[in-house]
Every structure is written in structure tokens, then in C-alpha cells.
Amino acid sequence: MKYIVILILVLSSLYAEEEYELGNGYKIENLPIYVGGYFAVDYRKKDEQDRYRIDDIAFLSYGGNNTLSYMLELESKELYKRVEDTGMTSTSEDHKLYVERLYVDYRISDYYSLRFGKFNSPIGFWNLIPVNVLRDTTSNPFTTQIIFPRFTTGVDASYSLFNESLLQANLMIQDNASIDHEYNNYNVRKHYAFGVSREGENYTVKLNAGYFTLRNRQPLGDDHLYLLLSTKYEHDKYQLLGEVGVQKFNSQKNYASYVQSSYRFDDKHTGVLRFESYKDAALKESDSMAIVGYIYRPIYPVSFKAEYQQHKRNIQNQMILSFSVLF
């Protein structure tokens with residue numbers, strides 16, 4: 001199925017209009033359809049280990065009208081990885097294509113909309129920015145890794161009301177197997193979640209709560225309950241972002257939180273500072289860290305990033321450099 005979709009994308013690109021703007025993809029002639037993609041490469045220095053990766057190569061297709069729209073994203077994850085560690089070298093390749101996103105949006109009215117398919121779980125802020133080039137750092141906070149499923153295959157119903165400030169609420173339901181569960185941080189069989197947010201002129205406050213079970217446990221898996229509170233404040237030059245979440249399962253708790261500030265020196269240069277901590281009960285590990293990052297964007301769809309992580313567990317200290325492009 002994936003290769004058929006890729007063939008369609010390639011054939012469609014042959015009919016693309018000549019005008020092209022980096023980051024927006026090619027527009028299919030006379031159709032509200034765009035074809036594009038992105039890629040990312042990175043280097044990590046950790047203790048005595050050096051890792052080189054072609055991390056993401058993705059194909060995108062999206063488009064629609066005021067009522068119906070769609071998004072398709074096929075991605076090859078860690079296409080090539082080379083690790084050099086204390087004189088030993090190993091390489092690995094993964095040529096498998098994963099369906100990262102595949103969904104249809106139906107706008108019922110100015111207030112109500114529905115989303116069907118596989119999509120990023122609309123939880124918090126960071127999880128809604130899946131493309132490397134658009135994120136503030138190459139690494140992801142642990143709130144997106146251990147608190148809730150990053151992807152949901154099901155339906156999401158949302159309600160929006162604007163009255164001096166924007167009020168949004170959504171209900172998300174999955175009661176079926178996931179599409180490409182290997183790509184998700186949790187192999188989910190069931191996932192029910194609710195979210196509500198209020199957005200003012202400079203701030204947004206968001207609360208998400210949910211429940212899910214794992215497919216790889218019998219009969220349907222352990223019950224997992226989670227809660228995530230997120231806040232964001234934006235100004236012309238800087239942004240403050242924070243998330244704190246807790247997950248409970250089998251009388252155990254996972255915890256993760258971070259607070260991040262970013263400052264835009266100008267259109268091309270941004271500095272980032274993030275403080276983060278987590279406890280993973282399943283792996284019986286915990287850590288806290290400070291992350292200093294820098295972003296250079298010669299143009300917006302092109303990003304050079306550098307970050308250094310100082311961990312409480314010093315063995316985890318690392319530096320990450322990356323280059324990514326959205327085309």
C-alpha cells in the first residue's frame with residue numbers, strides 16, 4: 001500500500017505547477033493538492049560515543065478546501081545510522097516506510113470539526129510539532145515520550161468558540177488497532193482523551209486528560225491514566241513554554257515536566273534554554289537536565305541547530321548538531 005501511495009505522489013508531481021516555494025511543496029495543476037517532504041540529519045557526541053544519522057526522510061501530501069482536507073506523511077526513520085564507540089564502529093539501516101500521519105479533516109461549521117485517521121495526539125504543545133525543522137530543539141522533551149501516546153488512530157471531535165479569547169475543546173477516541181504501531185511510543189489498543197484550552201492575545205493554557213491500554217498485554221493491557229497541563233506565553237521576541245504531566249498505571253507513576261524559554265535575536269537567529277526532569281517507573285530511572293540550544297535559519301524552511309544537554313546523570317551529557325529542510 002505504501003509503495004502505491006508513493007507512486008501516486010511521484011506521478012502527481014509530474015503535473016505540478018512550475019512555481020515552487022521552498023517549504024510549501026509543489027501544487028498539483030488545477031487541484032488543491034500539494035506534494036513535498038522534509039529530511040533531517042544529525043550528529044550526537046555522548047561520552048566517548050559519536051553517532052551519525054540520516055534521521056528523517058519524509059514524503060508529504062496535503063490539501064483540500066474549506067470543508068474537506070487531508071494529510072498524508074510517509075517517513076523513513078533512521079534510514080542510516082553509524083555509531084563509533086571506544087574504537088568500535090557499527091552501522092545500521094532501516095529502509096522501512098512508516099505511515100506517520102494519514103487523516104481527513106471535515107469542517108462541519110465554524111464551531112465543530114472532525115478528524116479521522118492517524119494523527120499526532122492533540123495533547124500539549126510540543127507533540128503538535130512533529131517536523132524537526134519547525135521545532136526549537138532536535139531533541140524532544142520527555143513529556144512527549146512517557147506520559148501519553150504520541151499518535152492516535154481514530155477520531156477527534158473538536159469545538160471552537162471565539163469570544164474575546166479562543167476557547168477550544170476536543171474529544172479523542174481510539175478503539176481499534178493503530179496504523180503502524182511500531183512508530184508510536186506506545187502500542188495502543190484503546191485511547192480516550194479530552195482536552196480544553198483557552199487562548200488569549202499572548203497566552204495559551206491547555207489541559208489534557210486521557211486513558212489508554214496497551215495492545216501487547218493480555219487481555220487488553222494495563223490501564224494507563226494521564227494528565228498534562230501546558231502553558232505558553234508569546235511576545236514579539238521571546239516565548240515561554242511549559243508542560244507538566246503525570247501517568248498512573250499498576251499503582252506506579254510516570255512523571256515528566258519542562259519549562260523552556262526561546263529568544264529571537266532576529267529572523268535568522270534564536271536561542272533556547274530548557275530545564276527538564278522525569279521519572280520513568282517502567283524503566284526504573286529518573287533524571288533532570290538543562291538544555292542550551294541555538295537555531296540558525298537562513299530561510300524559515302531550512303534549519304541548523306545545536307544543543308548541549310547537561311544531565312544530573314552525567315553519563316547522559318551530550319551535544320547534538322542537526323540540519324533539516326522542509327521542501
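User: What volume does the second largest pocket have?

Analyst: Let's start with the idea. On a 1 Å grid over the protein atoms alone, a pocket is an open set of points with protein on both sides within 12 Å along at least five of seven lines, a cavity is a set where a 1.4 Å probe fits but cannot get out, and lining residues have an atom within 4 Å of a point. Grid points are joined across faces, edges and corners, and a volume is the space filled by probe spheres set on the points. Here, the second largest pocket has a volume of about 1,000 Å³. It is lined by 41 residues, and the closest to its centre are R53, S139, N140, Q145 and R150.

Before we go on, a word on the model: it is predicted, local features need pLDDT of at least 70, side-chain atom pairs count only at pLDDT 80 or more, and totals for chains, interfaces and linings use all residues. Residues are numbered from 1 along each chain as its sequence is written, and side-chain values use heavy atoms, with hydrogens and water left out.

User: Which residues line the largest cavity?

Analyst: The search of the whole structure finds 1 cavity of 30 Å³ or more. The largest cavity has a volume of about 40 Å³, and its lining is made by W126, N127, I129, P130, R135, N140, T144 and R150.

User: How many helices and strands does the protein have?

Analyst: Helices (H or I, at least four residues) and strands (E, at least two) are DSSP runs, numbered from the N terminus. This protein has 2 helices and 18 strands.

User: Which strands pair with β2?

Analyst: Two strands pair if DSSP finds at least two bridges between them. Strand β2 (residues 33-46) pairs in the antiparallel sense with β1 (residues 26-27) over 2 bridges. Y26 stands opposite V35. Strand β2 is also antiparallel to β3 (residues 49-64), with 14 bridges, and Y38 has A58 as its bridge partner. Another 9 bridges join β2 to the antiparallel strand β18 (residues 318-326), where Q318 stands opposite K46.

User: Where does a positive phi occur in the hairpin of β2 and β3?

Analyst: In that hairpin, 2 residues lie between the strands, and D47 in the turn has a positive phi of about 55°. The hairpin of β1 and β2 has 5 residues between its strands, and there N30 takes a positive phi near 65°.

User: What radius of gyration does the protein have?

Analyst: The radius is taken over C-alpha atoms, and the globule rule is 2.2 Å times the number of residues to the power 0.38. With 327 residues, a compact globule would be near 20 Å, and the protein agrees with this at 20 Å.
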